[in-house]
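Student: Could you go through a protein model with me, one step at a time?
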Amino acid sequence: METVSINNDKQSLQNVRLGKEVTIFNFVNAYGCSIDDGSKIGAFVEIQKGATIGKNCKISSHTFICEGVHIADNVFVGHNVTFINDKFPRATNGDGALQTGADWNCVETYVEQSASIGSSATILCGVRIGGKAIVGAGSVVTKDVPPYAVVAGNPARIIKYLETTPA
């Protein structure tokens with residue numbers, strides 16, 4: 001928890017645990033989360049309470065990381081990636097009253113070490129993206145992605161497995 005490079009003063013960082021040499025770009029909104037050593041957070045990113053980001057991650061601009069998302073070390077997240085943490089979202093209860101935090105269950109999602117998620121992918125809650133897996137741009141991930149798998153489409157399907165570790 002030492003140095004942070006903030007490229008602009010237009011951030012909202014509240015109760016964020018920051019590792020060493022974290023870089024945060026313009027217009028980031030992060031609260032109650034954890035960002036570990038060496039990670040870079042692009043402009044217009046939101047990271048909600050309880051989310052964790054490992055070491056040496058790159059989170060590209062316009063990405064939404066909600067409560068319950070856990071990103072391991074060395075993960076790449078492309079531009080405009082959206083994580084979801086509620087399987088059945090509703091604005092109101094059966095009686096028409098606006099829902100509160102007590103009215104829903106946060107479903108956790110895990111992205112394992114060295115995975116890559118392409119731009120504009122949507123990651124539904126309750127899934128695990130395996131280590132070194134690749135999620136193609138624009139994909140909608142609805143179920144677990146095995147380690148070393150390359151997935152794409154809506155819903156995302158396995159295209160192939162990596163034979164070797166990508167550089």
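The questions and answers below concern this predicted model.

Student: In strand 12, which residue is the bridge partner of Thr52?
Tutor: Strand 9, which covers residues 52-53, pairs in the parallel sense with strand 12, which covers residues 69-71, and the pairing runs over 2 bridges. Thr52 has its bridge partner in strand 12, and that partner is His70.

Student: Is Ser60 buried or exposed?
Tutor: Ser60 is found in the loop between strand 10 (58-59) and strand 11 (64-65). Not counting residues up to four places away in sequence, Ser60 touches Gly42, Val45, Phe76, Val77, Gly78 and His79. A residue counts as buried when its relative accessible area is under 20%. Because the relative accessibility of Ser60 is 4%, Ser60 counts as buried.

Student: Which residue in the turn between strand 21 and strand 22 has a positive phi?
Tutor: Strand 21 (residues 149-152) and strand 22 (residues 157-161) pair in the antiparallel sense over 4 bridges, and Tyr161 is the bridge partner of Ala149. The two strands form a hairpin with 4 residues between them. In the turn, the residue with a positive phi, of about 105 degrees, is Gly153.

Notes
Residues numbered from 1 in each chain as written. Predicted model: local features only at pLDDT ≥ 70, side-chain atom pairs only at ≥ 80, totals over all residues. Heavy atoms only, no water. Pairing = 2+ DSSP bridges. Buried < 20%, exposed > 50% of the residue type's maximum accessible area, 1.4 Å probe, protein only. Contact = heavy atoms within 4.5 Å.
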